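Try each task before you peek at its solution.

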Amino acid sequence: MRAALRAFVRERAGFRCEYCRLHEGDADFLTFHVEHIIAKQHKGSDDPDALCFACSECNWAKGPNISGLIGGKLYPLLNPRKQNWHRHFFWDHTTLVGKTKIGMVTVQVLNINRPSRIMLRENLLFEGRFPPED
Ligand SMILES: [Zn+2]
């Protein structure tokens, strides 16, 4: 992937993971990735509209997944290019809560409320760097 494309996707995201909203400057120990929203193995493209910026925790948990199960029914994961984050999620203190099935399944599949991730948010909250303003 070209450096210019990476830079574009990173800037468009405001340097935040487009799933968990973690800022790249708030987690030096994590690398951030330009991620295929629809994985290549599902014929996802390298078009900027098919890419998002994601922290390594979200990216690794997501892998090639494009959906997940709630109560035995399949729901798509959030597509940051097509869906508004605020419509699907809200913060309950440092826990991310899905407002919709898309939000709920994204929190579940991407393991967004893993204890270590909540602990990081607790530390950021203490330092006045959480929750994100936008
Ligand atoms: Zn993330």
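This is a predicted model: local features need pLDDT of at least 70, side-chain atom pairs count only at pLDDT 80 or more; totals for chains, interfaces and linings use all residues.

Residues are numbered from 1 along each chain as its sequence is written, and side-chain values use heavy atoms, with hydrogens and water left out.

**Exercise 1: the overall layout**

Task: Work out how many helices and strands the protein chain has, and in which pattern they come.

Solution: 
- Step 1. Helices (H or I, at least four residues) and strands (E, at least two) are DSSP runs, numbered from the N terminus.
- Step 2. With that rule you get five helices and six strands.
- Step 3. Walk along the sequence and you read α-β-β-α-β-β-α-β-β-α-α.
- Step 4. The radius of gyration is 14 Å, close to the 14 Å from the globule rule for 134 residues, so the chain is as compact as a globular protein of that length. (The radius is taken over C-alpha atoms, and the rule is 2.2 Å times the number of residues to the power 0.38.)
- Step 5. The C-alpha trace spans about 40 × 40 × 25 Å along its principal axes.

**Exercise 2: the zinc site**

Task: Find which residues coordinate the zinc ion, and say what geometry the site has.

Solution: 
- Step 1. Look for donors, meaning N, O and S atoms within 2.8 Å of the metal (3.2 Å for Na, K and Ca); water is not among the atoms, so sites may look incomplete.
- Step 2. You'll find the SG atoms of Cys17, Cys20, Cys55 and Cys58, at 2.3 to 2.4 Å.
- Step 3. Check the angles: four donors count as tetrahedral if all angles lie between 85 and 135 degrees. Here they are 104 to 118°, which makes the site tetrahedral. For comparison, the ideal angle for four tetrahedral donors is 109.5 degrees.
- Step 4. Along the chain, the donors of the zinc ion have the spacing C-x2-C-x34-C-x2-C.
- Step 5. Cysteine 20 sits in the loop between α1 (3-12) and β1 (32-36), while cysteine 58 is in helix α2 (residues 56-62), so this pair ties together parts that are 38 residues apart in sequence.
- Step 6. Cysteine 20 and cysteine 58 are both buried. (Buried means under 20% relative accessible area, exposed over 50%, partly exposed in between, with a 1.4 Å probe and protein chains only.)

**Exercise 3: a strand and its partner**

Task: Decide which way β1 and β2 run, and how many bridges join them.

Solution: 
- Step 1. Two strands pair if DSSP finds at least two bridges between them.
- Step 2. Five bridges join β1 to β2, and the two run antiparallel. One of the partners to spot is alanine 54 in β2, bridged to histidine 33.
- Step 3. In β2 (residues 51-55), five of the five residues are buried, so this strand is largely enclosed by the rest of the structure.
- Step 4. Leu51, Phe53 and Cys55 point one way from β2, and Cys52 and Ala54 the other way.
- Step 5. Now pick valine 34 in β1. Valine 34 counts as buried, at 14% relative accessibility. Beyond its neighbours within four places in sequence, its contacts (heavy atoms within 4.5 Å) include Met1, Arg6 and Leu51.

**Exercise 4: around helix α4**

Task: List which residues of helix α4 are buried, and find what covers them.

Solution: 
- Step 1. In α4 (residues 101-109), the buried ones are Ile102, Gly103, Val105, Thr106, Val107 and Val109.
- Step 2. Their cover includes α2, β3 (67-70), β4 (73-76), α3 (85-88), β5 (89-92) and β6 (95-98).
- Step 3. Threonine 100 is in the loop between β6 and α4, and its 18% relative accessibility counts as buried.
- Step 4. The threonine 100 side chain makes a polar contact with the histidine 88 side chain at 2.6 Å. (That's a pair of N or O atoms within 3.5 Å; within protein, one must be able to donate a hydrogen and the other to accept it, and residues adjacent in sequence count only if both atoms are side-chain atoms.)
- Step 5. The threonine 100 side chain also reaches the backbone nitrogen of glycine 103, at 3.0 Å.

How values were computed. Four donors count as tetrahedral if all angles lie between 85 and 135 degrees; four count as square planar and six as octahedral if opposite donors are over 155 degrees apart and all others between 65 and 115; anything else is irregular.
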